[in-house]
Amino acid sequence: MRYLTAGESHGPQLTTIIEGIPSQLSISTEKLNDSLRRRQGGHGRGRRMQIEKDLIAITSGVRHGKSLGSPICLQVTNDDWTHWTHIMGSEPLEEGMTEEDIKRKISRPRPGHADLVGGIKYQHRDLRNVLERSSARETTVRVAAGSIAKQLLEQLDIHVVGYVTTIGGIHADRSIPEILTAQEIADRANDSAVYCLDEEASGEMVTAIDAAKKAGDTIGGVVEVRVTGLPPGVGSYVHYDRKLDARLAFAMMSINAFKGVELGLGFEMANLPGSQVHDQIRYSESEGYTRETNRLGGTEGGMSTGMPIVVRGVMKPIPTLYKPLESVDIETKEVFKASIERSDACAVPAASVVAEHVIAWEVAQVLLDTFPADHLQQLKESVEARRTEAKEF
Ligand SMILES: Cc1cc2nc3c(=O)[nH]c(=O)nc-3n(C[C@H](O)[C@H](O)[C@H](O)COP(=O)(O)O)c2cc1C
Ligand SMILES: C=C(O[C@@H]1CC(C(=O)O)=C[C@@H](OP(=O)(O)O)[C@H]1O)C(=O)O
């Protein structure tokens, strides 16, 4: 299973082509649009999100609501495109280039964004050619691909949910999720302006975002994703590139502005003895093998243990600042302080939705590497057989 995305932030549309989804899977447009809507939300987003109304168009691979087994093409229109047709058109501009067009060329790279290094790498002297694709606008269709993966996993009783645990140094009470089902966690996160399960912390996070915005600054945070229902043995201890935890880390780090990943107790493990890190093994006839605790976050030896996967990622503060840092103009080589038109002050809530979907995709992909899956029933039977085998082992 794989997918490719295409599209520029202010171009006409974003596209993804997904290959390898088993046939006979019911695909819900409503669920796809709900995922897109959640990604657009969360306190701290800038004006762009008021322009866009992300809606999915399924243009191949699905017939009468079911996957065919052929590539699925999903598209989302950029409503902002109408304001950018001249600047972002695919026709050569040279002929009719006006003073205004030349002025619109971007020669001032933002510290922390892809502008400067992308320009050097592809020899783009108009840095717009870099920012258009490095923009997290692309996560729209990554979420769409992840929504299809979530719909597949749901058929196997595997549920993935993402939410915020930290924004700007304010930490949510992380013990809450343990007592809730995936749906209850999702409902509670959706009730919060910052997709956080802790009501009190949510309020403080909103205040912190507003304060950062007022100061012309930006703040980052931490998101957590939980996967429940995964049978034991998904992933591999045999090959480095099939290790589930390595794949989860890759997925998390592939999100724009994500700079660190941890599973379970994560970096805290450095401060604890083994007796307070490893999870004792238990057995019961009804549940099979379980762990008394889940401090390792659901993997051992690069494979799922059957306990919930708990993976967190840290998002750095947004690089585009209203209170700008110093940078160097690539044409004049002079130091400048950038002025900007619009940007998000904090996109950690939106990023928790992105994280949920990229993790869902990765889990589905590793699952399909593990079990045969030409059609949904075949996959369902293989997963069920693994659950029984694990219990009877
Ligand atoms: C949902 C989301 C929204 C973002 N919004 C902005 C934004 O408005 N302005 C900005 O400068 N960066 C924004 N970013 C971060 C940049 O896309 C990111 O920093 C950039 O692509 C450079 O990549 P790197 O930070 O991984 O090095 C956003 C990221 C995410 C995940
Ligand atoms: C468009 C989205 O996010 C964008 C991500 C982004 C960036 O640099 O990553 C910069 C901003 O773009 P613009 O300059 O057009 O306002 C965000 O709005 C989106 O999430 O759909």
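Author: Among contacts in the protein between residues at least 6 apart in sequence, 71% join residues at least 24 apart. Two residues are in contact here if their C-beta atoms, placed from the backbone, lie within 7 Å. Please keep in mind that this is a predicted model, in which local features need pLDDT of at least 70 and side-chain atom pairs count only at pLDDT 80 or more, while totals for chains, interfaces and linings use all residues. Residues are numbered from 1 along each chain as its sequence is written, and chains are lettered from A and ligands numbered from 1 in the order in which they are written.

Reader: How many helices and strands does the protein have?

Author: There are twelve helices and 17 strands. Helices (H or I, at least four residues) and strands (E, at least two) are DSSP runs, numbered from the N terminus.

Reader: What makes the protein as compact as a globular protein of that length?

Author: Its radius of gyration is 22 Å, close to the 21 Å that the globule rule gives for 393 residues, so the protein is as compact as a globular protein of that length. The radius is taken over C-alpha atoms, and the rule is 2.2 Å times the number of residues to the power 0.38.

Reader: Why is Thr-320 called buried?

Author: Thr-320 has 21 other C-beta atoms within 10 Å. A residue is buried if 20 or more other C-beta atoms lie within 10 Å of its own, exposed if 12 or fewer, and partly exposed in between, with C-beta atoms placed from the backbone. Thr-320 is therefore buried. Leaving aside neighbours within four places in sequence, Thr-320 is in contact with Arg-110, His-113, Ile-340 and Ser-343.

Reader: And why does Arg-342 count as exposed?

Author: Arg-342 has 12 C-beta neighbours inside 10 Å, so Arg-342 counts as exposed. This residue lies in the loop between strand E17 (335-337) and H11.

Reader: What makes Asp-126 partly exposed?

Author: Asp-126 has 18 other C-beta atoms within 10 Å, so Asp-126 is partly exposed. Asp-126 sits in the loop between helix H5 (115-122) and helix H6 (128-134).

Reader: How do you know that the UniProt "binding site" residues do not all gather at one spot?

Author: The unreviewed UniProt entry lists, among them, Arg-133, Asn-256, Gly-301, Thr-320 and Arg-342. The listed residues span 210 residues in sequence, and the farthest two C-alpha atoms are 45.1 Å apart, so they do not all gather at one spot. Such annotations may be inferred rather than shown by experiment, and positions follow the numbering used here, with feature names shortened.

Reader: Which residues come nearest to ligand 1?

Author: Of the 19 residues around ligand 1, Ala-136, Asn-256, Thr-320, Asp-344 and Ala-347 come nearest. A residue is near a molecule or strand if its C-beta atom, placed from the backbone, lies within 6 Å of it. By class, this shell has ten nonpolar, eight polar and one charged residues. Ala, Val, Leu, Ile, Met, Phe, Trp, Tyr, Cys and Pro count as nonpolar, Asp, Glu, Lys and Arg as charged, and the others, Gly among them, as polar.

Reader: How does the shell around ligand 2 divide by class?

Author: The shell around ligand 2 has one nonpolar, six polar and five charged residues. Its members include Arg-48, Glu-52, Arg-137, Arg-342 and Asp-344.
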